[in-house]
Amino acid sequence: MALAGPDVLDVAGMRKTYKSNHQSFLESDLESMDPIIQFGAWFKLAYSEPSIGEQANAMTLATATKDGKPSARIVLLKGFDKNGFVFYTNYKSRKGQELLSNPQASLVFYWKELCRQVRIEGIVEKLPASASTEYFHSRPRDSQIGACVSHQSTVLKNRDVLTQRHSELREQYGDPNTIIPRPDYWGGFLLKPSLIEFWQGQSNRLHDRIVFRRPRDGEAIDDEQTHTGENGWVYERLSP
């Protein structure tokens with residue numbers, strides 16, 4: 001059921017033009033049979049797109065409670081390598097608590113200018129404290145103070161509570177040579193992927209989906225549909 005009226009947007013009629021048929025993303029277009037390397041190629045292209053640039057690392061992080069109630073939000077990727085994808089947060093926030101109680105998570109990158117999306121599923125684990133501390137002290141000093149000020153996801157009386165505490169800590173750590181200690185409730189997570197899907201939109205809605213995954217224990221591989229990748233991965237094309 002849709003609302004009607006002259007000032008109501010035609011949401012159902014909204015359409016985006018994606019790639020044309022001759023611009024399909026084929027298996028032969030993969031730059032690597034290792035999805036981490038393939039992700040790096042797409043990520044570099046997104047970063048080099050002027051309208052994306054420093055926002056290339058924005059990603060949706062989806063988490064869930066132990067009983068399956070989901071939530072999602074935008075966070076920033078802060079590193080990736082063969083081990084997985086790194087991001088930082090407050091461990092006592094909603095997402096932090098959900099990840100600690102249910103380490104299953106999903107990431108989604110969407111670069112609309114490229115008509116591309118990458119979806120990643122896996123298990124998360126906390127980074128070593130030393131790695132979190134090293135990154136914490138690489139951040140701008142005001143960002144370090146912000147992490148100390150905010151007890152993320154807790155209820156505030158008003159914004160003045162934040163600004164007052166921020167002013168107090170800026171005064172406390174006014175000497176630039178004074179080290180701001182990393183709060184023990186703030187640090188990093190590593191998502192270790194078990195599935196990475198590369199999606200490219202097509203205007204005829206026959207979107208391209210190539211998914212890399214880890215084979216299941218004892219799985220009999222159908223060589224006609226499932227292809228052997230690198231470093232223990234297999235990949236397949238999915239229906240759009």
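The structure holds 13 salt bridges, a salt bridge being a side-chain nitrogen of Lys or Arg within 4 Å of a carboxyl oxygen of Asp or Glu. This is a predicted model, in which local features need pLDDT of at least 70 and side-chain atom pairs count only at pLDDT 80 or more, while totals for chains, interfaces and linings use all residues. Residues are numbered from 1 along each chain as its sequence is written, and side-chain values use heavy atoms, with hydrogens and water left out.

**Overall make-up**

- The secondary structure of the protein comes to five helices and ten strands, where helices (H or I, at least four residues) and strands (E, at least two) are DSSP runs numbered from the N terminus.
- Along its principal axes, the C-alpha trace of the protein spans about 65 × 55 × 40 Å.
- Of the 240 residues in the protein, 39% are buried; buried means under 20% relative accessible area, exposed means over 50%, and partly exposed is in between, with a 1.4 Å probe and protein chains only.

**Salt bridges**

- Side chains of opposite charge can pair when their charged atoms come close.
- R119, E121, E197 and R209 are linked in a network of salt bridges.
- In helix α2 (residues 94-101), E98 and R94 lie four residues apart, about one turn of the helix, and their side chains meet in a salt bridge with an N to O distance of 2.9 Å.
- E98 counts as buried at 5% relative accessibility, whereas R94 counts as partly exposed at 39%.

**Helix α5**

- Helix α5 covers residues 159-172, and at 1.5 Å a residue its 14 residues should span 20 Å, which agrees with its end C-alpha atoms being 20 Å apart; the expected span of a helix is 1.5 Å times one less than its number of residues.
- At the start of α5, a side-chain oxygen of N158 reaches to within 3.0 Å of the backbone nitrogen of D160.
- E168 and R165 both lie in helix α5, three residues apart, about one turn of the helix.
- An α-helix has 3.6 residues a turn, so residues three or four places apart point the same way.
- E168 forms a salt bridge with R165, with the closest N and O atoms 3.6 Å apart.
- E168 counts as partly exposed at 37% relative accessibility, and R165 is partly exposed with a relative accessible area of 37%.

**Nonpolar core**

- The largest nonpolar core has 33 residues, and those with the most contacts inside it are F39, F85, F109, W111, V118, I120 and I196; a nonpolar core is a set of buried Ala, Val, Leu, Ile, Met, Phe, Trp, Tyr and Cys residues joined through side-chain atoms within 4.5 Å.
- The elements that give two or more residues to this core are α1, β1 (58-64), β4 (84-90), β5 (104-111), β6 (116-126), β7 (186-200) and β8 (208-213).
- Helix α1 provides the largest share of this core, five residues.

- S106 has its place in strand β5 and is buried, with a relative accessible area of 17%.
- A polar atom of the S106 side chain lies 3.1 Å from the backbone oxygen of I120.
- C115, in the loop between β5 and β6, has a positive phi of about 55° although it is not a glycine, and at 7% relative accessibility it counts as buried.
- R205, in the loop between β7 and β8, has a positive phi of about 70° although it is not a glycine, and at 33% relative accessibility it counts as partly exposed.

**Nonpolar surface patch**

- L9, V11 and M14 form a nonpolar patch on the surface, with about 340 Å² of accessible area together.
- Patches are made of residues with over 30% relative accessible area and no salt bridge, with like charges joined within 9 Å and nonpolar side chains (Val, Leu, Ile, Met, Phe, Trp, Tyr) within 5 Å; accessible areas come from the Shrake-Rupley method with a 1.4 Å probe, and for residues only the protein chains shown count as cover.
- V11 has its place in the segment before α1 (35-48) and is exposed, with a relative accessible area of 58%.

Notes. Polar contact = N/O pair within 3.5 Å; in protein donor to acceptor, adjacent residues only side chain to side chain.
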